[in-house]
Amino acid sequence: MPEGPEIRRAADNLEAAVKGKPLTEVWFAFEQLKPYESQLIGQSVTQLETRGKALLTHFSNGLTLYSHNQLYGVWRVVDTGGNIPQTSRVLRVRLQTQDKTILLYSASDIEMLTPEQLAIHPFLQRVGPDVLDLRLTPDDVKARLLSPRFCNRQFSGLLLDQAFLAGLGNYLRVEILWQVGLTGQHKASQLADEQLDALAHALLDIPRLSYNTRGLADENKHHGALFRFKVFHRDGEACERCGGTIEKTMLSSRPFYWCPGCQH
């Protein structure tokens, strides 16, 4: 499943294609969205906002299209009037401008929201601050780690909980914990202040590094321009920090990669 950095990069691509351009054609697969097709003709996309793994497409008439890709949803950009991609995925949304069209396939969690509905949307109410929101600081994250709600939860589950911080997922979970030398069983309430500071910084620095650099220079799954997997999908390989052997187990129903030699 794509994590916050991947969702944000997808949003960047969509914005580059259609932001600020009048919509010439709009199509929705779901019957409850059909009435909005005519309302959006002539309007434009003003912003594509990410909230963790949800995407908010804001329109110039005040409406917002909420979509969550879940496991299978994916957006595509095509030239208007050009060939539609050959795929087994099911088309759900088409937003067309004069030169570019954006397509959403296979997502099932799609709604149109007024500003009032957006403010009280259940998922958006539950989700925590986004790790890619540059207004979020390490001090903010440290305060969340130490809050009564989160301080006694094991990191194996906490770092997958979008209510804690939005945009984290499995590869970020294991890379962050390796970076600070902690295990999935640790809790914030057990950590020294220096460890808390290191974790609070890593929880922001690593997702932002992934967003800014991953895959720019090397498409190998273990390498990016500056972001590189240290443990994810590297079980059986040597840890570059201590030389120990990276292991794989299951934590919170997800594959967990770690180095027993230096994460304890």
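This is a predicted model: local features need pLDDT of at least 70, side-chain atom pairs count only at pLDDT 80 or more; totals for chains, interfaces and linings use all residues.
Before you start: residues count from 1 along each chain as its sequence is written, and side-chain values use heavy atoms, leaving out hydrogens and water. Local features need pLDDT of at least 70, side-chain atom pairs count only at pLDDT 80 or more, and totals for chains, interfaces and linings use all residues.

**Exercise 1.** Find helix H8 and work out what span is expected for it.

*Solution.* Helices are DSSP runs (H or I, at least four residues), strands likewise (E, at least two), numbered from the N terminus. H8 covers residues 193-213, which is 21 residues. The expected span is 1.5 Å times one less than the number of residues, giving 30 Å here. From first C-alpha to last, H8 reaches 30 Å, close to that.

**Exercise 2.** Work out which strands sit at the edges of the open sheet of four strands.

*Solution.* Start with the order: E1-E6-E7-E5, with antiparallel pairing. Strands pair if DSSP finds at least two bridges between them. Strand E1 (25-28) and strand E5 (74-79) each pair on one side only, and these are the edge strands. Now zoom in: E1 and E6 (residues 91-96) share four bridges, and Val 26 has Leu 95 in E6 as its bridge partner.

**Exercise 3.** Say what stands out about the phi of Ser 253 and whether Ser 253 is buried or exposed.

*Solution.* Most residues other than glycine have a negative phi. Ser 253 isn't a glycine, yet its phi is positive, about 65°. Look for Ser 253 in the loop between strand E9 (247-251) and strand E10 (254-258). Its relative accessible area is 67%, so Ser 253 is exposed (buried is under 20%, exposed over 50%, partly exposed in between; 1.4 Å probe, protein chains only).
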